[in-house]
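I opened a new page to get my bearings here. My plan is to begin with a single residue and then step back to the chain.

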Amino acid sequence: MANTIQLTGEVRDQFGKGAARRMRVAQEIPATIYAGGAQPDYIKLPMRETTLALRRANALFSIEFDGKTKMAVVKDVQRNPVKRQVEHVDFYEVRAGEKVTVEVPVFINGETKGAAVAFIDTQNLQVRADVSNLPERIDISVEGLSDGDKVLAKDIKLPEGSELIIDDLEDSIVSVEIPKEEAAAPEAGAASAEGGAEGAASSEESAE
């Protein structure tokens, strides 16, 4: 579930690549808080605290700046393609009780039967939920599932008040199957055994 993360920033009045570079040198990250059709707020945030906070998926932020506090969720994060350093963050302002749609990563846990392996068919799911109760991840149990089993969208259990946004509830989210190389191994072994048996029979006939 979403945890509220407190950040304290400052209003920024300088823009452009040069200003952004100077902020990063000063260990600050430029950010923008959007609020529907209203004028966005342009701020700068402490780099270390913000970078650590962004590791939390779908967190709810309480951002204090210029004598006011705004609740927001992350809209977009821009990172340096090489260093992966956070270069800019876009937030979207929200209010208590508001519902928003977020992408939630899918994870699996549990053990399947035999040689079967679970595969995630849909890596992220769109979920609409209250800003105070945004899921960070969706865990799907594959305990005891065997070759050919599937977990469909309609089987997903979400926190109360959350809604899965998907076109088809019959879509496969997780599928369980035996990898081709595993399935081929027993067949190869059987063929080898048959070949050995035939070879032994031929040897016996020759000896006679």
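Gln 126 sits 39 residues from Ile 165 along the chain, yet their C-alpha atoms are separated by 5.3 Å. I note that this is a predicted model, where local features need pLDDT of at least 70, side-chain atom pairs count only at pLDDT 80 or more, and totals for chains, interfaces and linings use all residues. Numbering starts from 1 along each chain as its sequence is written, and side-chain values use heavy atoms, with hydrogens and water left out.

Ile 165 belongs to strand β13, residues 163–165 (strands are DSSP runs of E, at least two residues, and helices are runs of H or I, at least four, numbered from the N terminus).

Next I looked up a sheet. Three strands make an open, antiparallel one in the order β9-β14-β12 (strands pair if DSSP finds at least two bridges between them). β9 (117–120) and β12 (150–152) are at the edges with a single partner strand each, so one side of each has no neighbour in the sheet. β9 pairs with β14 (residues 172–177) over four bridges, and Ile 120 stands opposite Val 174 in β14.

Finally, the whole protein chain: I noted three helices and 14 strands, with 35% of its 208 residues buried.

Methods: Buried means under 20% relative accessible area, exposed over 50%, partly exposed in between (1.4 Å probe, protein chains only).
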